[in-house]
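Dear colleague,

Please find the structure below, followed by a short account of what was found in it.

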Amino acid sequence: MTSVNRKTEIISAAIEVFAEIGYFRATTAQVAERAKISQPYIFKFFPSKEALLQAALEASWERIINSFCLVVESASKEQLEADLIKAYEKILASHQNEILLQMQSQTIQEPSIREVMREGFREVRQIVLTAFREAGIASPEERTLIFLARGMLCNISAALDMPELMEV
């Protein structure tokens, strides 16, 4: 197996383990077990558990960013917001562990993790804000804020298994 594939498998295992157990309680041994590799092999790709978390978060943000960019490129102005919401709901349904990991990571104080989280939020906000402006949506800053807040509520609804939070 190529090292790129193995690295991706390790990141996927880390996302699962960190989301299920929590970053601070999880060990690289548990990640290695999930990836079906030896623990020392993880350190061939990642110098520390923190670096592994960074890579996992970057992968999760990349999924959202790529999905939103595809929507922005293809959606009509009238369907833009609805299609962005659908895209996010699809990610939440298919990659819930990534979202749960992001939610946990919002409270981690390590500077490198905070920066990954800040950069992810900045980029998502900028994509949405720019798209809303270019679509001529009224009050694009406010609509972006509401869109992001709705996404956070969507996360909480999924994490707590409370779909009624999203009822309109």
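Surface patches here are made of residues with over 30% relative accessible area and no salt bridge, with like charges joined within 9 Å and nonpolar side chains (Val, Leu, Ile, Met, Phe, Trp, Tyr) within 5 Å. Accessible areas come from the Shrake-Rupley method with a 1.4 Å probe, and for residues only the protein chains shown count as cover. A salt bridge is a side-chain nitrogen of Lys or Arg within 4 Å of a carboxyl oxygen of Asp or Glu.

This is a predicted model, in which local features need pLDDT of at least 70 and side-chain atom pairs count only at pLDDT 80 or more, while totals for chains, interfaces and linings use all residues. Residues are numbered from 1 along each chain as its sequence is written, and side-chain values use heavy atoms, leaving out hydrogens and water.

Leu153, Ile156, Leu160 and Leu165 make a nonpolar surface patch of about 310 Å². Ile156 lies in helix H8 (residues 140–159); helices (H or I, at least four residues) are DSSP runs numbered from the N terminus. Ile156 counts as partly exposed because its relative accessibility is 37%, between the limits for buried (under 20%) and exposed (over 50%).

Pro163, in the segment after H8, is exposed, with a relative accessible area of 53%.

Leaving out residues up to four places away in sequence, Leu80 touches Val71, Val72, Ala75, Ala131, Phe132, Ala135 and Ile137 (contact: heavy atoms within 4.5 Å).

With kind regards

Conventions
Helix = DSSP H or I, 4+ residues; strand = E, 2+ residues; numbered from the N terminus. Buried < 20%, exposed > 50% of the residue type's maximum accessible area, 1.4 Å probe, protein only.
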